[in-house]
Amino acid sequence: MIRQTLRVVIVPFLLLSLAAQAESPKDMLAAGRADDAISALNGQISANPRDAQAIHQLCRAYFQYEDWDRAESRCKRAIELQPNNSGFHRWLGRIYGQKAERATLPIGLALKTRDEFHRAAALDPTDTNAGIDVAEYYLEAPGMMGGGQDKAREQAKIIGKISPAQEHWVYARIAEKNKDYATAEREYRQMIEAAKGGAEAWLNLGFFYRNRKRYDDMEQAFVKMNQAPIPAREVLVEAANSLLHTGRAFSFAIELLRRYFVEGPVEEAPAFKAHNLLGQILEKQGDKTGAAAEYKACLALARNFEPCRQGLKRVAP
């Protein structure tokens, strides 16, 4: 596929516009203004140390920064104040999962991950994302840590009562684990059908093709994703990241990131990380000036984000 190369210049007024529009800590998080959110939330918590929502938002701000220890302590404190909040438990499970991936001895953290996801799903059975977290744990964890494909299948049936599309996602992942790639592809396509062609379903098919090194098919799936309705804009960043790391269609990756910035950042894909990603792509293309501008834009939102600091060092004159 031949695409016209697009050069991107992130103009200063974009950041100024975000700053003007995002005044609450919640909006700051959504806009990727990690430093501003942390400062505002610390002030809010200082005034009211029992503000569970503010403490939980601070947990999520540190999660954006990948500061897992600070994120864990804030999420645990929020749960102490509101023990029956499903979302609080789900976020703590995500943090334990991140720490387990990096741990030398991950068993204890893995079991904590499982327990928090279970609590989240039990507290809110209608939250299919919590159910997906449980199913994914079963898929990834060995039996000694409570994993197992039979458990994942049972969880898929529960999820399917609310979201048939996500049920197919679980079956596709099971098939991938079993190296039954024909069944996996069929399940991903059934997910697309059940989701009425939704962008997230196309993204997941693209991930499947990426894992199989079917890069032309991956790119085509991302094109379909880009043409579909996109309620969850983080898919644009995730697809661009896959294109970068497979060395494919950099101009298309830039196009996706431009769309993300124009339509507005979301917390699930913080703007500072999107700037970092765009900086890496421009750096790969040899555009050191453009890359430096992106790394600076990243640091303007999250001044201590080390990947952007290192990126700026690489391209700075």
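Arg-214 counts as partly exposed, at 31% relative accessibility. The model is predicted. Arg-214 sits in the loop between α12 (199–211) and α13 (215–227). Leaving aside neighbours within four places in sequence, Arg-214 is in contact with Glu-185, Phe-208 and Tyr-209. Asp-115 lies elsewhere: Arg-214 and Asp-115 are 99 residues apart in sequence and 36 Å apart in space, C-alpha to C-alpha.

The axes of α12 and α13 come within 8 Å. They cross at roughly 170°. Angles over 145 degrees count as roughly antiparallel, so α12 is roughly antiparallel to α13. On the α12 side, the contact is made by Ala-199, Trp-202, Leu-203, Leu-205, Gly-206, Phe-207, Tyr-209 and Arg-210. On the α13 side, Tyr-215, Asp-217, Met-218, Ala-221, Phe-222, Lys-224 and Met-225 take part. By class, this contact of α12 with α13 has eleven nonpolar, one polar and three charged residues. Tyr-209 belongs to the α12 side of this contact, and Tyr-209 is also in contact with Arg-214.

Turn next to another helix pair. Helix α4 (residues 52–65) and helix α5 (residues 68–81) pack at an angle of about 160°. Their axes are 8 Å apart. That angle makes α4 roughly antiparallel to α5. The crossing of α4 and α5 is left-handed. From α4, the contact draws on Ala-52, Ile-55, His-56, Leu-58, Cys-59, Tyr-62 and Phe-63. These meet Trp-68, Arg-70, Ala-71, Arg-74, Cys-75, Arg-77, Ala-78 and Leu-81 in α5. The residues of this contact of α4 with α5 divide into eleven nonpolar, one polar and three charged.

The last stop is a single residue. Thr-113 is found in helix α7 (residues 107–123). Is Thr-113 buried or exposed? Its relative accessible area is 5%. Buried means under 20%, so Thr-113 is buried. The side chain of Thr-113 has two backbone partners to look at. One is the backbone oxygen of Leu-109, reached at 2.8 Å. Another is the backbone nitrogen of Gly-97, reached at 3.1 Å. Leaving aside neighbours within four places in sequence, Thr-113 is in contact with Gly-93, Tyr-96, Gly-97 and Tyr-137.

Terms used: Residues are numbered from 1 along each chain as its sequence is written. This is a predicted model: local features need pLDDT of at least 70, side-chain atom pairs count only at pLDDT 80 or more; totals for chains, interfaces and linings use all residues. Side-chain values use heavy atoms; hydrogens and water are left out. Axes are lines fitted to C-alpha atoms, for helices over the stretch in contact, and angles run from 0 to 180 degrees between N-to-C directions. Helices (H or I, at least four residues) and strands (E, at least two) are DSSP runs, numbered from the N terminus. Angles under 35 degrees count as roughly parallel, over 145 as roughly antiparallel, 65 to 115 as roughly perpendicular and the rest as oblique. A crossing is left-handed if the near helix is turned anticlockwise from the far one by less than a right angle, and right-handed if clockwise. Contact means heavy atoms within 4.5 Å. Ala, Val, Leu, Ile, Met, Phe, Trp, Tyr, Cys and Pro count as nonpolar, Asp, Glu, Lys and Arg as charged, and the others, Gly among them, as polar. Buried means under 20% relative accessible area, exposed over 50%, partly exposed in between (1.4 Å probe, protein chains only). A polar contact is a pair of N or O atoms within 3.5 Å; within protein, one must be able to donate a hydrogen and the other to accept it, and residues adjacent in sequence count only if both atoms are side-chain atoms.
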